[in-house]
Amino acid sequence: MHAKTGDRLLVHGRTVGHGDHVVEIVEVLGTNGEPPYRVRAEDGHETIMWPGPDCVVQHPKSTEPHTIR
C-alpha cells in the first residue's frame, strides 16, 4: 500500500452494523509512501494507523482536464 499526505483511507466495516468510514492521511511515517500513517477522522481525532486488507487508499481527483484519444 502506498499513499501520500492528503490521500484518504476508506476503512470497510468489519462487522454487521458498522459501516465504512473515511479518514484523511495527514502524515506518512513509513518510507516511500508505505505505512504507518497518521490519520485524522471527521471528528478531528488523530491516530497512527497500519492499514490492513480492509482498507483502500483513495487519491484525490486531479484538477487537470483529461484528454480523450
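**View 1. D7 and the residues around it.** Setting aside neighbours within four places in sequence, D7 is in contact (heavy atoms within 4.5 Å) with V23, E24, I25, V57, Q58, H59 and P60. This is a predicted model, in which local features need pLDDT of at least 70 and side-chain atom pairs count only at pLDDT 80 or more, while totals for chains, interfaces and linings use all residues. Residues are numbered from 1 along each chain as its sequence is written, and side-chain values use heavy atoms, with hydrogens and water left out.

View 2. Is D7 buried or exposed? D7 counts as buried because its relative accessibility is 1%, where buried means under 20% relative accessible area, exposed means over 50%, and partly exposed lies in between (1.4 Å probe, protein chains only). K4, at 48%, is partly exposed. The side chain of D7 reaches the backbone nitrogen of K4 at 2.9 Å. D7 also forms a salt bridge with K4, with the closest N and O atoms 3.8 Å apart; a salt bridge is a side-chain nitrogen of Lys or Arg within 4 Å of a carboxyl oxygen of Asp or Glu.

**View 3. Q58 in strand β5.** Find strand β5 at residues 55-58, and you will find Q58 in it. Q58 is partly exposed, with a relative accessible area of 34%. Which residues does Q58 touch, not counting those up to four places away in sequence? They are D7, R8, L10 and V22. For a sense of scale, the C-alpha atoms of Q58 and V23 are separated by 10.0 Å, and these two residues are 35 apart along the chain.

**View 4. Strand β1 and its two partners.** On one side, follow β1 to strand β2 (residues 21-28): four bridges join them, and the two run antiparallel. Two strands pair if DSSP finds at least two bridges between them. β1 also pairs with β5 over four bridges, again in the antiparallel sense. V11, for its part, stands opposite C55 in β5.

**View 5. The whole sheet.** In what order do the five strands lie? They form an open sheet in the order β4-β3-β2-β1-β5, with antiparallel pairing. β4 (46-49) and β5 stand at the edges with a single partner strand each, so one side of each has no neighbour in the sheet. On average, neighbouring strands of this sheet are turned by 35 degrees against each other, direction ignored; the axes are lines fitted to C-alpha atoms (for helices, over the stretch in contact), and angles run from 0 to 180 degrees between N-to-C directions.

**View 6. Salt bridges across the structure.** How many salt bridges does a search of the whole structure find? The search finds three. One of them joins the side chains of E27 and R38 at 3.1 Å, N to O. E27 lies in strand β2 and R38 in strand β3 (residues 37-40), so the pair ties together parts that are eleven residues apart in sequence. E27 is partly exposed at 34%, and R38 is partly exposed at 28%. In another, the side chains of R40 and E46 meet at 2.8 Å, N to O. R40 is partly exposed at 33%, and E46 is partly exposed at 34%.

Definitions and conventions
Polar contact = N/O pair within 3.5 Å; in protein donor to acceptor, adjacent residues only side chain to side chain.
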